[in-house]
Amino acid sequence: MADPVGDLAAGVRAGSRAQVARAITLVESTRADHRDRARALLTELAPHTGGSTRVGISGIPGAGKSTFIDALGVRLIERGHRVAVVAVDPSSSRTGGSILGDRTRMARLTASDDAFVRPSPTGTHLGGVARATRESMLVLEAAGFDVVIVETVGVGQSEVAVSEMVDTFLLLALARGGDQLQGIKRGILEIADVIAVNKADGPHETDAWVAARELTAAMRLISSDPQARRPPVLTCSAQEQTGLDEVWQAVLDHRRHLQEQGSLESRRREQQLSWMWALVDAELHDAVRRDETVRTELPALVDSVSDGRVSAVEAAQRILAAFSRG
Ligand SMILES: Nc1nc2c(ncn2[C@@H]2O[C@H](COP(=O)(O)OP(=O)(O)OP(=O)(O)O)[C@@H](O)[C@H]2O)c(=O)[nH]1
Ligand SMILES: [Mg+2]
């Protein structure tokens with residue numbers, strides 16, 4: 001039997017844009033037969049993955065992520081890098097306007113032969129979108145992109161999912177008159193490796209400086225370990241293209257710090273393990289809902305829970321029992 005994914009893998013390895021796009025479409029699919037092919041493809045590509053600098057970039061809507069990635073990406077390409085951008089956006093509530101906006105805001109990067117910009121896959125639950133993004137990243141690494149940027153909107157759980165697939169997590173913050181830390185949750189500060197206050201330009205430059213100082217102080221409070229590395233807080237302007245080299249240098253410094261401590265490898269190993277369990281959880285989740293015995297018993301059970309005859313705890317036990325029998 002012919003190798004079902006050999007040609008696709010070869011095309012990806014050769015850097016064919018069409019084949020890379022096709023491979024990403026395949027790994028994004030949730031159809032069972034597509035999943036089988038995707039797994040075969042990823043197994044074939046596996047030896048050629050892991051070689052990129054993986055950077056997550058997050059920030060509230062309008063923080064300037066797209067503008068920043070465009071400006072930074074073009075700079076990196078000028079220095080000989082090949083840059084891929086993928087997104088995690090589980091809400092998929094993005095309007096057509098926003099997608100159009102991204103196309104124009106990342107116009108220079110999108111037009112470059114050395115860049116690959118992939119819009120967020122559509123999906124309703126974070127797990128599915130995170131899987132697609134992670135697997136897309138592997139495809140892009142195998143295709144020779146040595147910088148992979150994962151963009152996510154900083155409004156929910158997606159930052160955590162992204163921090164679990166990258167080496168360095170960069171938070172783009174904004175100064176907001178008077179209350180600089182407003183809108184930045186503690187949780188996101190805890191996972192940030194580098195923070196940059198964007199839009200440090202024009203009349204807002206001073207605000208950005210003040211915000212950076214406040215964030216530096218906040219970071220001191222967040223870590224209880226005085227020996228721990230403290231994420232640097234910088235300022236930049238994606239629009240004016242100032243401070244971008246310094247931010248990138250901070251990303252590289254963080255990565256070098258991990259490498260010197262041997263923790264880049266352990267970080268990636270831990271990511272693999274938690275990823276393994278995430279996949280088991282996701283498979284089980286789907287398997288339970290697909291199970292014939294469960295499906296037969298479910299309607300009556302749902303009714304009983306709805307009108308209070310059976311407790312949720314009892315019903316959950318019965319579903320799991322049905323699944324074990326099935
Ligand atoms: N003054 C100033 N404006 C900026 C800067 N960076 C981005 N902007 C503007 O801020 C707005 C939002 O920028 P985007 O790059 O689309 O922000 P985003 O974080 O990608 O937004 P979403 O994709 O909606 O989450 C646009 O009007 C940009 O032109 C900057 O450094 N300075
Ligand atoms: Mg954007």
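Tutor: Happy to. A salt bridge here is a side-chain nitrogen of Lys or Arg within 4 Å of a carboxyl oxygen of Asp or Glu. Keep in mind that this is a predicted model.

Student: Okay, how many salt bridges are there between domain 1 and domain 2?

Tutor: There are two salt bridges between domain 1 and domain 2.

Student: Which residue forms a salt bridge with Glu28, and how far apart are the closest N and O atoms?

Tutor: That's Arg118, with its closest N and O atoms 3.2 Å from those of Glu28. Since the cut-off is within 4 Å, the pair counts.

Student: How many residues of domain 1 are in contact with domain 2?

Tutor: 17 residues of domain 1 are in contact with 17 residues of domain 2. Together the two domains bury about 1,500 Å² between them, with 58% of that on carbon and sulfur atoms.

Student: What about polar contacts between domain 1 and domain 2?

Tutor: Six residue pairs are in polar contact there, both residues being at pLDDT 80 or more.

Student: Which elements give two or more residues to that side of domain 1?

Tutor: Helix 1 (6–13), helix 2 (17–28) and helix 3 (32–45) do. Helix 2 has the largest share, with eight residues. By class, that side of domain 1 has eight nonpolar, five polar and four charged residues.

Student: Switching topic: is Arg35 buried or exposed?

Tutor: Arg35 counts as buried, because its relative accessibility is 11% and the cut-off is under 20%. This arginine is found in helix 3.

Student: What does the side chain of Arg35 reach?

Tutor: It reaches the backbone oxygen of Val27 at 3.4 Å. Leaving out residues up to four places away in sequence, Arg35 touches Val27, Ser29, Thr30, Arg131 and Glu135.

Student: One more: where is Arg256?

Tutor: Arg256 is in helix 11 (residues 244–260), and it is partly exposed, with a relative accessible area of 42%. Arg256 and Ala322 are 66 residues apart in sequence and 51 Å apart in space, C-alpha to C-alpha.

Note on methods. Residues are numbered from 1 along each chain as its sequence is written. Chains are lettered from A and ligands numbered from 1 in the order in which they are written. This is a predicted model: local features need pLDDT of at least 70, side-chain atom pairs count only at pLDDT 80 or more; totals for chains, interfaces and linings use all residues. Side-chain values use heavy atoms; hydrogens and water are left out. Contact means heavy atoms within 4.5 Å. Buried area is the accessible area (1.4 Å probe) that two parts lose on being put together, summed over both. A polar contact is a pair of N or O atoms within 3.5 Å; within protein, one must be able to donate a hydrogen and the other to accept it, and residues adjacent in sequence count only if both atoms are side-chain atoms. Helices (H or I, at least four residues) and strands (E, at least two) are DSSP runs, numbered from the N terminus. Ala, Val, Leu, Ile, Met, Phe, Trp, Tyr, Cys and Pro count as nonpolar, Asp, Glu, Lys and Arg as charged, and the others, Gly among them, as polar. Buried means under 20% relative accessible area, exposed over 50%, partly exposed in between (1.4 Å probe, protein chains only).
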